[in-house]
Amino acid sequence: MDRKKIEQVIDAHNGEASALIEILLDIQNEFHWLPGEALEMISEKLQIPLSRIQHTATFYRAFSLVPKGRHEINVCMGTACHVRGAPRVLEVVQQIVGIEPGETDAEMKFSLDTVNCLGCCAIGPVMEIDEQHLGKLVPAKTAELLKNYD
Amino acid sequence: MLNSPAELEQLRQDILAKRKSNKARISICAGAGCLATGAAKVIDAFNAEIAKEGLSGEVEVKGTGCPGFCERGPIVVLDPEETCYLRVTPKDVPEIVAQTVKEKQVVERLVYFDAVKNVKAVHEADIPFYKNQERNIIGNNIKIDPKRIDDYLALGGYSALAKALFQMTPEQVVGEVKKSGLRGRGGGGFPTGIKWEAARKAPGETKYVIVNADEGDPGAFMDRAVLEGNPHSILEGLIIGAYAIGAHDGYVYVRQEYPLALENIGVAIMQAQEYGFLGKNILGSGFDFNIRVNRGAGAFVCGEETALLLSLEGKPGEPRARPPYPATSGLWGKPTNINNVETWANIPLIVDKGADWYGQSGTASSKGTKIFSLVGKIKNTGLVEVPMGATLRDIIYKIGDGIPNGKKFKAVQTGGPAGGCIPEEHLDLAVDFDELIKAGAIMGSGGMIVMDEDTCMVDVARYFVNFLAQESCGKCSPCREGIKQMRRILTDITEGRGKEGDIELLEELAMSTGKASLCALGRTAPNPVLSTIRHFRHEYETHIKEKRCPSFTCQGLVSYYIDPAKCTACRICDRECSSDAVVGGKNLIHYVDQTKCNACGTCFEVCPSKFGAVIRITGEDVPAPIPEEARIIVRQRRVPKKEPQPASSAP
């Protein structure tokens, strides 16, 4: 793990305790998860108890305390997508990748998550894989799309 | 750096003079919806084509904010003719440049056309979706490249700020906002002017103003469109508010799920600093003000103001009891005024055109316009801005063009997870803060989700309660436990384990959760349950007593069965079934292995309509499969017709 990178992130926020969430977000964006070592470094540098950092890191959805797979799938569970059949899409994704939302598979191929709304309701049900939007999904199409990743 | 209102006006005149009004301009919506359907490639294609044709000096190409018609995106508008093209793809671009830019001809196949009503519209203003709106806030989006402050200035931007700073006292600004009748657009509907007055009068030297851009309601993206499309309108409102309240520091709290909004608001702040709209001695007025951007980290509850404040301080966003209200004790314990994105964007209009002008649209108790995100089972998905008091029927049918696929309207859900479902008999309700509450719903931030006959209202209630159970911060037990128990009962009902007395128990739980919870999340959590029970009690009863889901949504109550008399063993459902539940085979009538089937409905959808062999069953037993030997289909060989072939078709 790149300790220097983490130090840079902390320093970029002037080491302010109030910037804890900003720091955690930057580390999350950099590594796609929050390594335990990083949390310990923040605790030392900002003089915040590790328990409080854990509290914050587990409170917010944006943070992951486990590493992410090569492809990040976010299935939109917004209301518009829900009434257009998002639960069935999610079910098919779960079945094919073999994991539940919040998990990463053993081969580190996929990480699966749900999101509350991607804001492109016109093409719902929609999911996002590696930041690419895939819309107008039905179970069969979803299964087909997932074959494109390795 | 501008040092006076006169210098601002001079700059504006220079910008306008530089833009010959007849200069051709191609505006492409670069909002999230259009980007998801390929707008970035369309912009690239236009840039390449214009360069190739040697037109770079004469034609301006720009990505703009979202004009709202997401259904037909990517949207392209060509000025000065205001020709509007819909669903544009990169391969349409050479034709648009050759025909419209060079020859001033309209490409007919790309303009709005409604085959059913035989309505064609070449100009944006004539499209029925836009024609029935009053777009004070989002109307400018398509005219603005959000990364260029000059575009905002060309439309009169920051003139309201100059007016407030040089022609009005802070008290007069507060007075004007109070008089306008503006109410908070984030959901509460609290009068903005009164909130400002409280913060202004609160004792203390240091005060803060905050933009709540933590838009969390699923299916709602109004704030996103303003943040991404016209960020300066929010900043201008915030600076005016800071002046009125006496704050010198402001925050914009944007959810990190909106990267483009974060980028655009960041660029806008930098440009506003360069021009002298932010920083020390703004426009030479002696007023100082700075803005910082903070990111939300994906907690729905942080849209609640006391939670948002804690999150800004770097802590978990757990709401606290009010009073004290943020107006007296907010960020770091200082007087703080928090308003929603859309509220702030209304401020420049009120200051610029006056409270009297503003009060002309709207109802007696709710003034101005409101942006709604019209989504779900609706033909025209998108953002619509209408005056308060517009009826649901006009919004859904005149603007939204009704329900797709010939289905029947069932309900419209307003107000996000804290809102309620409104049935057909209330469609003529005039939408404002108070009328929606009377119907058992709320305005909320402006989500409007249309549901048709295929939507199960018990499932919708379970959906929202499940959402709230996940987002409840857990600090107070009525919310944490009450919502969880409601979810358990609703899940039981949708999965066929409902029992007598469940509805009454839900009502009781809803009542106590609503009364005893600490913040708005828990207090409004009963709304989706109570409003669906109130208007759709019969659906609950059908689920509980008959174990039947009339809209075939609840997978636990629905089975799929292949009618052996209709199945032709075409193998499509066999191939598409992801659970391996269809037992197929060549020339063998298919059947569904009920032990493997998860009722996803794929077989029902893919079975060709000419066969219609897959049948949905709810509330009844599934017939047993036919015996193995009866499954074999003996196909007769097709006998070729003996009609003579015309000579010309011979190879």
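Chain A is divided into domain 1 (3-59) and domain 2 (71-146), with bounds that come from an automatic or database domain assignment. Taken over C-alpha atoms, the centres of domain 1 of chain A and domain 2 of chain A are 29 Å apart.

This is a predicted model, in which local features need pLDDT of at least 70, side-chain atom pairs count only at pLDDT 80 or more, and totals for chains, interfaces and linings use all residues. Residues are numbered from 1 along each chain as its sequence is written, while chains are lettered from A and ligands numbered from 1 in the order in which they are written. The model has ipTM 0.93 and pTM 0.92. For chain B the average pLDDT (the predictor's confidence in each residue, from 0 to 100) is 93, and 98% of the residues score at least 70.

The contact involves 39 residues from chain A and 46 residues from chain B; two residues are in contact if their C-beta atoms, placed from the backbone, lie within 7 Å. Helices (H or I, at least four residues) and strands (E, at least two) are DSSP runs, numbered from the N terminus. The helices of chain A below each supply at least two residues of the side that touches chain B.

| Helix of chain A | Residues |
|---|---|
| H2 | 20-31 |
| H4 | 50-59 |
| H5 | 79-83 |
| H6 | 86-97 |
| H7 | 139-146 |

H6(A) gives the most to this side, with five residues.

In chain B, strand S16 (residues 558-562) has four of its five residues buried, that is, with 20 or more other C-beta atoms within 10 Å of their own, C-beta atoms being placed from the backbone. S16(B) pairs with strand S19 (residues 614-618) of chain B in the antiparallel sense over five bridges; pairing requires that DSSP finds at least two bridges. B:Tyr561 stands opposite B:Ile615 in S19(B).

Definitions and conventions: Buried ≥ 20, exposed ≤ 12 C-beta atoms within 10 Å, placed from the backbone.
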